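Here is a short report on one protein chain. Keep the structure open while you read, and find each residue as it comes up.

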Amino acid sequence: RPMPSLLRTHGRFPYSAINARPRYAWPGGKRLAVYLGLNLEHFAFGEGHGGELAPSGRPDVLNYSWREYGNRVGAWRLLDEFEELRLPVSVLANSEIAGHCPELLAAHIARGDEVVGHGRTNAERQGDLVERDEAALIAETTSTLADAAGAPPRGWLGPWISQSHVSPDLLAEAGYEYLLDWCHDDQPTWMSTRGGGRILSLPYPQEPRSPEIGRGCLRITHDRLTVEVTRDHVASSDHLDHPISPKITRVQRDHPRSRRDHSRSHDITTRPR
């Protein structure tokens, strides 16, 4: 029986040890599911938040243009890789992408890639907003991406992986089925929401996101989870890309499906939906 705690808790899900859970499998009896998440983001120039990959002045021309390189060049190189390797992709898209570079979003939609809501822009943080404004951000993002894709997104990742205390509630109430902001497990987890609802939390590990460490981390993660699934632990994993670096194509080619051992019977490459 757990001891009572004086610490504040989120109240979304209880503790669960992975080696004490019921056994289950993915469709087709597969044990390990891998999805590719490609972040397509647009930033304000000279204001708001922005990833600082190298020191710069104000306005931050260096880092802004580096990020813009991803939308103009890097993402298109990745598309070529996805096509060659026949890999499905989940596009984690700022809704501002639909206006800034609609051709890029349309190219992913045309190949059947899933579009995941990722806020309006990564120049702002969702968790900084009051509830009314956060609900408006979710509604605006959903409407814009639905117009572009022909259907509303079913999954969500907050810009800067930022959440308020009510984000899961607002997302569930807006019709979202899953979120990616939490990295607390190797398996999907149901999260409770207000009014007796729930939303599914899918694993979103942070370590593979860096172009500098992603290749080695992806190999290690896949190999480790391959061992885990032979011990009756079903798992899911992701590989996350930001298309800001030309090095990313080398990272992508080390995805397990592009390796000679990709035919292992326990692996599937899929999308979160």
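## Charges over rings

Arg198 lies over the face of Trp190, with 3.6 Å to the ring centre. The model is a predicted one.

## The chain as a whole

The protein chain holds seven helices and nine strands. It has 273 residues, and 47% of them count as buried. How far apart in sequence are the residues that touch? Take the contacts between residues at least 6 apart in sequence: 71% of these join residues at least 24 apart.

## Helix H1 and its end

Helix H1 covers residues 61–85. It has 25 residues. From its first C-alpha to its last, H1 reaches 34 Å, close to the 36 Å expected at 1.5 Å a residue. Where does H1 bend? The bend is at Gly70, and it is about 45 degrees.

Just after H1 comes Arg86, with a positive phi of about 55 degrees. Arg86 has this positive phi although it is not a glycine. Its place is the loop between H1 and E2. Is Arg86 buried or exposed? Arg86 counts as exposed, because its relative accessibility is 63% and the cut-off for exposed is over 50%.

Trp160 is another non-glycine residue with a positive phi, here about 65 degrees. Trp160 is found in the loop between E4 and H5. Trp160 is partly exposed, at a relative accessible area of 29%.

Helix H3 runs over residues 102–110. Which of its residues are buried? They are Leu104, Leu105 and His108. These residues cover an arc of only 95 degrees around the axis, so they are on the same side of H3. An α-helix has 3.6 residues a turn, so residues three or four places apart point the same way.

The face of H3 turned away from the buried side carries Glu103 and Ala110, which are exposed. What do the buried residues of H3 pack against? Their partners include strand E1 (32–40), helix H1, strand E2 (90–93) and helix H2 (97–100). Strand E3 (114–117) and helix H4 (131–149) are also among them. Just after H3, Gly112 takes a positive phi of about 85 degrees.

## Aromatic pairs

A pair of aromatic rings is described by the distance of the centres and the angle of the planes. How many aromatic pairs are there? The count comes to two.

| Pair | Type | Centre to centre | Angle between planes |
|---|---|---|---|
| Phe13 and Trp182 | edge-to-face | 5.6 Å | 75 degrees |
| Trp156 and Tyr176 | edge-to-face | 5.4 Å | 80 degrees |

Start with Phe13 and Trp182. Phe13 lies in the segment before E1, and Trp182 in the loop between strand E5 (178–179) and E6, so the pair ties together parts that are 169 residues apart in sequence. Phe13 counts as buried, at 19% relative accessibility. Trp182 is partly exposed, with a relative accessible area of 23%.

Now take Trp156 and Tyr176. Trp156 lies in strand E4 (residues 155–156), and Tyr176 in the loop between helix H5 (167–173) and E5, so this pair ties together parts that are 20 residues apart in sequence. Trp156 is buried, at 0% relative accessibility. Tyr176 is buried too, with a relative accessible area of 4%.

## Two loop residues

Gly195 sits in the loop between strand E6 (189–193) and strand E7 (197–201). Gly195 is exposed, with a relative accessible area of 88%. Gly195 and Glu173 are 22 residues apart in sequence, and their C-alpha atoms are 9.5 Å apart in space.

Pro205 belongs to the loop between E7 and helix H6 (214–229). Is Pro205 buried or exposed? Pro205 counts as buried because its relative accessibility is 19%, and the cut-off for buried is under 20%. Pro205 and His184 are 21 residues apart in sequence and 8.3 Å apart in space, C-alpha to C-alpha.

Definitions and conventions. Residues are numbered from 1 along each chain as its sequence is written. This is a predicted model: local features need pLDDT of at least 70, side-chain atom pairs count only at pLDDT 80 or more; totals for chains, interfaces and linings use all residues. Side-chain values use heavy atoms; hydrogens and water are left out. Buried means under 20% relative accessible area, exposed over 50%, partly exposed in between (1.4 Å probe, protein chains only). Helices (H or I, at least four residues) and strands (E, at least two) are DSSP runs, numbered from the N terminus. The arc is that of the directions from the helix axis to the C-beta atoms. Contact means heavy atoms within 4.5 Å. Rings of Phe, Tyr and Trp (its six-membered ring) pair if their centres lie within 6.5 Å; planes under 30 degrees apart count as stacked, over 60 as edge-to-face and the rest as tilted. A charge sits over a ring if NZ of Lys or CZ of Arg is within 6 Å of the ring centre and within 35 degrees of the ring normal. The expected span of a helix is 1.5 Å times one less than its number of residues. The bend at a residue is the angle between axes fitted to the seven residues ending there and the seven starting there.
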